[in-house]
Amino acid sequence: MNQSKKVVATESTSKSRTTMARKRSSKATVIFFVLLSVIAFVAFVPVFASLPSLSSHDLHLQHQHHHHHRREKIDVWKFEIAEDMFWKDGKPFQIIGGDLHYFRVLPEYWEDRLLRAKALGLNTIQTYIPWNLHEPEPGKLVFEGIADLVSFLKLCQKLDLLVMLRPGPYICAEWDLGGFPAWLLAIEPDIRLRSSDPAYLKMVEGWWGVLLPKVAPLLYGSGGPIIMVQIENEFGSYGDDKAYLSQLVKLARENLGEDIILYTTDGGSRETLEKGTIQGDDVFSAVDFTTGDNPWPIFKLQKEFNSPGKSPPLSSEFYTGWLTHWGEKIERTDADFTAAALEKILSRNGSVVLYMAHGGTNFGFYNGANTGSDESDYKPDLTSYDYDAPITESGNVDNAKFKAIRRVVQKYSSVSLPSVPSNIKKTGYGSIQLQKTAFLFDLLDGIDSAHIVEAENPTAMEYLYQMFGFLLYVSEYASKTGGSKLVIPKVHDRAQVFISCSSNGGQVSYVGTIERWSNQAIGLPNAKCVSNTSLFILVENMGRVNYGPYMFDRKGILSSVYIDGRVLNRWKMISIPFHNLNEVPKFNSVIQVASEFPKVLVRKKLEHKSEDVLEGPSFYTGRFSIDKTSEVSDTYISLRGWGKGIAFVNEFNVGRYWLTSGPQCNLYIPAPILRHGENVLVIFELESANPELVVDSVDQPDFMCGSRKASVHQL
């Protein structure tokens, strides 16, 4: 997606306004398993879900354009470009596609979502491939469960859906670090991402050398569903390194052969196309642009960057909605306006890919972030990636946008569209009573010293080979009678500051929070310690920047720490990573301890030195049952009354919540995560729990938190 194309308008007008800057901006591994074994039921063990059945759904996709004659030579299993048209098996073909990302949908729901896309009238699915999902550690490759790309592609084929594949290596996608694995940020000297830097290209060559041979048998010419493969992603909005793009083309051809159509996608301006395209007929140049713009002058410009006869009009990202950051109003776009813009393309035989057809969910810690004018203007994305797409986050299709788009597509389809499936059942399972089971600082005494990294200065998360979650920095300083001033010039992304001293029983006091986007000094009160005062700084990685010039986004404390103007040295760092979407469990005792539901004695009461009481980082656990005679259904958990944190259901990391910022109040819980009988909910709350320690299971989403309301925009 091109950040430079968003236009916002009120519901009462269809006039676009100027575009908004777009998002697509000791090396010891310290493992916090001692902590997790004590409160092990909170540690996320991934749900590598069983794959869906691969039953076919009979729908003839071939779209014959009646005003074109069939080509004299008919090539079976051939997809090509000629006469400024796409040709499939010797017949003109109009791509009516949509983005649907396998990594944002549980595998059990892949088939359901794809069938809903077919009912919308789509004949093609476009998907990114996030490198970090498949190689979370150097050399550790994951192609199972939600990362089972090959099974997803085969399912598309069985459902008669073609595929446009976007293997990056950079994908943007509102995904952590634009799909790059964060361990690239630990390489020294620093590598230059998205460039012809030999060190970076060596990493890409290794990754594509694994990935591309896996998908090569599924190319259309070999009898598979893949008709096109994208090179990079909107590179013209980022750089002008033709040597880099050419090297990617070379790698793609070496692994995929000469027949597959390679393509680039860039914003529909001369500047971005000049930077991001590859001259010649080896790579097709597609465009994207603001929904509502007149598409045909842009398609005319597109022709200048393709060889004669090789420029079928294609908008490879037609925006059906838009992303939302924490602290913003939920984005909504008008259904009729969107459908009318789509018709302007389809009515003249243009091809189009809806971004998104179905958005899905940023499970775990994989949400991305954007920046504004500088890297401190940090804007992390929601857990929900609903995107106001025609197929909602939970798969609902009974909405105005789905109906409006389907009506338009039906007009230009030569076949009847499949019937529209019913919405998936949602169930509210009622109130869930939770119990505080652990206070983070109570667990520090039990940590093996071998699992603590010591250094003179604070160390970034990536250098500890922790890529996600939280990092606790510990040091000490001498208190002053009038208190002290704490300054951390660069922290990514949010640091909660606590102090304590052994002379008063180790009582922990919260003193304030330093945020990347509003970095301010904090006053440290005189703790009246007999000896030095202990300083604890808990830093949360809230998602790496995925677009723009500030993508090299390491996490943790990235500068010196100053107390009263003097550098504070001698640090201990304790990793609190939790598990992420694609990681495998390290040891089985986690599950064993979880079954015992231990109650951790809370010894240290957290105090706050102001009127706002903050209970501090703690774990809460609750259980709810689903009767065996009832159907296990999708649900949402409402976190109203809670503050900020992460939630796990049956050891699956369902994502972040931040009710005090909004707008997302509820987290989507797909039925495959749930089970008959007992289900366990664990919350790691950073600030203040709901006073009644209650979470409600409800049957609908809610994006009205943080005193914000939804607003309808046009793109």
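## Salt bridges and a helix crossing: worked exercises

Aspartate 553 and lysine 555 are both buried (under 20% relative accessible area with a 1.4 Å probe and protein chains only; exposed is over 50%, partly exposed in between). The side chains of these two residues, aspartate 553 and lysine 555, meet in a salt bridge at 2.8 Å, N to O. The model is predicted, with pLDDT of at least 70 needed for local features and 80 or more for side-chain atom pairs, while totals for chains, interfaces and linings use all residues. Residues are numbered from 1 along each chain as its sequence is written, and side-chain values use heavy atoms, without hydrogens and water.

**Exercise 1.** State how many salt bridges the structure holds, and determine whether glutamate 462 is buried or exposed.

*Solution.* Step 1: apply the criterion, a side-chain nitrogen of Lys or Arg within 4 Å of a carboxyl oxygen of Asp or Glu. The structure holds 32 such salt bridges. Step 2: take the pair of glutamate 462 and arginine 544, whose side chains meet at 2.7 Å, N to O. This pair links distant parts of the chain, 82 residues apart: glutamate 462 lies in the loop between strand 16 (453-455) and strand 17 (470-477), and arginine 544 in the loop between strand 23 (533-540) and strand 24 (556-557). Strands (E, at least two residues) and helices (H or I, at least four) are DSSP runs numbered from the N terminus. Step 3: glutamate 462 has 0% relative accessibility, so it counts as buried. Arginine 544 is also at 0% and therefore buried.

**Exercise 2.** Classify the accessibility of glutamate 678 and of arginine 623.

*Solution.* Step 1: glutamate 678 forms a salt bridge with arginine 623, with the closest N and O atoms 2.5 Å apart. Step 2: the pair joins distant parts of the chain, glutamate 678 in strand 34 (residues 677-685) and arginine 623 in strand 29 (residues 618-626), 55 residues apart. Step 3: glutamate 678 is partly exposed because its relative accessibility is 39%. Arginine 623, at 26%, is partly exposed as well.

**Exercise 3.** Describe how helix 2 and helix 4 cross.

*Solution.* Step 1: the axes of helix 2 (residues 110-120) and helix 4 (residues 149-158) come within 11 Å and cross at roughly 40°. Axes are lines fitted to C-alpha atoms, for helices over the stretch in contact, and angles run from 0 to 180 degrees between N-to-C directions. Step 2: helix 2 and helix 4 are therefore oblique to each other (under 35 degrees is roughly parallel, over 145 roughly antiparallel, 65 to 115 roughly perpendicular, the rest oblique).
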